[in-house]
Amino acid sequence: MTNDQTRKVAIVTGGARGIGRACALTLARAHYDIALVDLLVPEMERTAGEIREIGQEALIFEANVADFRRAQEVADAVVSKFKRIDFLLNDAGRPMPKGILEISEQEFDDTIAINLKSCFNYIRAVAPTMLEQGGGRIVSMSSLNAHSGGVTAAVSRFAYASAKAGILGMTRALAKELGPTIHVNAICPGLIQTETPKNPVIIERGAQIAQAGVALRRIGQTDDVAQLVLFLATSEPCYITGQDFKVDGFQYNM
Ligand SMILES: NC(=O)c1ccc[n+]([C@@H]2O[C@H](COP(=O)([O-])OP(=O)(O)OC[C@H]3O[C@@H](n4cnc5c(N)ncnc54)[C@H](O)[C@@H]3O)[C@@H](O)[C@H]2O)c1
């Protein structure tokens with residue numbers, strides 16, 4: 001257990017499962033107490049249990065990341081409990097498989113709200129605390145799709161790519177606005193294997209993609225992303241902000 005002088009605190013949205021869960025556990029092993037934010041309560045409880053087994057504290061918040069006011073409530077509760085917020089990981093996101101001719105206005109708005117506005121909501125909620133305490137780090141999960149536009153058969157098409165590309169602009173602009181106190185970066189994972197049931201792209205195309213179009217000849221694992229998150233959260237000194245980093249084994253056909 002860390003004492004109050006060495007205590008580090010992270011908020012991880014989407015931390016119930018998948019990439020967010022792996023990042024939360026990796027941060028906990030690096031002595032961060034973790035506030036998990038997600039819609040999936042049983043999965044969050046499981047991750048929180050694993051964090052406590054590591055020896056760190058874990059809070060869970062059932063919240064839709066698209067909800068601006070709820071983000072402020074979460075940040076207030078975390079500051080009330082831990083007195084600080086050192087790191088924010090905006091991981092929660094959701095794919096959108098529909099193309100421009102099939103998608104409804106509501107579905108487009110929801111995709112932007114869950115994948116992009118969510119990042120605004122949580123950065124807006126934590127930035128005052130990070131500025132006041134004199135430091136903080138923020139990482140938002142974009143996607144290789146932001147660069148490539150995705151492949152035709154992918155589960156996520158233009159609406160998701162639009163939101164994920166928006167994260168890159170937000171990251172650059174907020175790095176300028178919040179620097180030098182807060183470092184703001186983004187990560188663009190390629191295809192990553194998660195425990196999410198029946199990921200159709202992995203099932204149908206994972207092996208094929210790995211053989212035909214990945215320099216490292218394998219699909220990514222959640223820990224591949226978590227290692228970079230840990231570096232961006234903890235590295236000292238750190239001369240890195242306003243950047244996005246692909247974690248994709250060089251998936252050159254995506
Ligand atoms: N897995 C990949 O191949 C891949 C590739 C590129 C980018 N990404 C991005 O990485 C992030 C994590 O993806 P993953 O593969 O681990 O997915 P996942 O579905 O396994 O995990 C996403 C988590 O976010 C939560 N979430 C979704 N919508 C939410 C909402 N409105 N409010 C609160 N929580 C919500 C889910 O409940 C889930 O726990 C996402 O932003 C995703 O777009 C994933």
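Analyst: Let's begin with touching: two residues are in contact when heavy atoms lie within 4.5 Å. This is a predicted model, in which local features need pLDDT of at least 70 and side-chain atom pairs count only at pLDDT 80 or more, while totals for chains, interfaces and linings use all residues. Residues are numbered from 1 along each chain as its sequence is written, and side-chain values use heavy atoms, leaving out hydrogens and water.

User: Which residues does K246 touch, leaving out those up to four places away in sequence?

Analyst: Start by finding K246 in strand β9, residues 244-247. Strands (E, at least two residues) and helices (H or I, at least four) are DSSP runs numbered from the N terminus. Once residues up to four places away are set aside, K246 touches L144, H147 and C188.

User: How far apart are the C-alpha atoms of K246 and C188?

Analyst: C188 is one of the residues that K246 touches. Along the chain the two are 58 residues apart, yet their C-alpha atoms are separated by 4.5 Å.

User: Is T47 buried or exposed?

Analyst: Look for T47 in helix α2, which covers residues 41-54. Buried means under 20% relative accessible area, exposed means over 50%, and partly exposed lies in between (1.4 Å probe, protein chains only). T47 has a relative accessible area of 0%, so T47 is buried.

User: Which word describes how α1 and α2 lie relative to each other?

Analyst: Axes are lines fitted to C-alpha atoms, for helices over the stretch in contact, and angles between N-to-C directions run from 0 to 180 degrees. Under 35 degrees counts as roughly parallel, over 145 as roughly antiparallel, 65 to 115 as roughly perpendicular, and the rest as oblique. The axes of α1 and α2 come within 9 Å and cross at roughly 15°. That is why α1 and α2 are described as roughly parallel.

User: What is the N to O distance in the salt bridge of R21 and E50?

Analyst: A salt bridge puts a side-chain nitrogen of Lys or Arg within 4 Å of a carboxyl oxygen of Asp or Glu. R21 counts as buried at 18% relative accessibility, whereas E50 is partly exposed at 24%. Their side chains meet in a salt bridge with an N to O distance of 3.0 Å.

User: Why does the pair of E57 and R7 tie together separate parts of the chain?

Analyst: E57 and R7 form a salt bridge, with the closest N and O atoms 3.5 Å apart. E57 lies in the loop between α2 and β3 (58-62) and R7 in the segment before β1 (8-13), so the pair ties together parts whose separation in sequence is 50 residues.

User: Which residues do salt bridges with shared partners join into one network?

Analyst: E57 also forms a salt bridge with K81, their closest N and O atoms being 3.2 Å apart. This pair links the loop between α2 and β3, where E57 sits, to helix α3 (residues 68-82), which holds K81, 24 residues apart. Through shared partners, salt bridges build one network from R7, D33, E57 and K81.

User: What is the angle between α1 and helix α8?

Analyst: Helix α8 spans residues 222-234, and its axis is 8 Å from that of α1 where they pack. α1 is oblique to α8, because the two pack at an angle of about 50°.

User: How many nonpolar residues are in the contact of α4 with α6?

Analyst: The axes of helix α4 (residues 105-133) and helix α6 (residues 158-178) come within 8 Å and cross at roughly 20°. α4 and α6 are therefore roughly parallel. Their contact has 4 polar residues, 1 charged and, for the nonpolar class, 16.

Terms used: Ala, Val, Leu, Ile, Met, Phe, Trp, Tyr, Cys and Pro count as nonpolar, Asp, Glu, Lys and Arg as charged, and the others, Gly among them, as polar.
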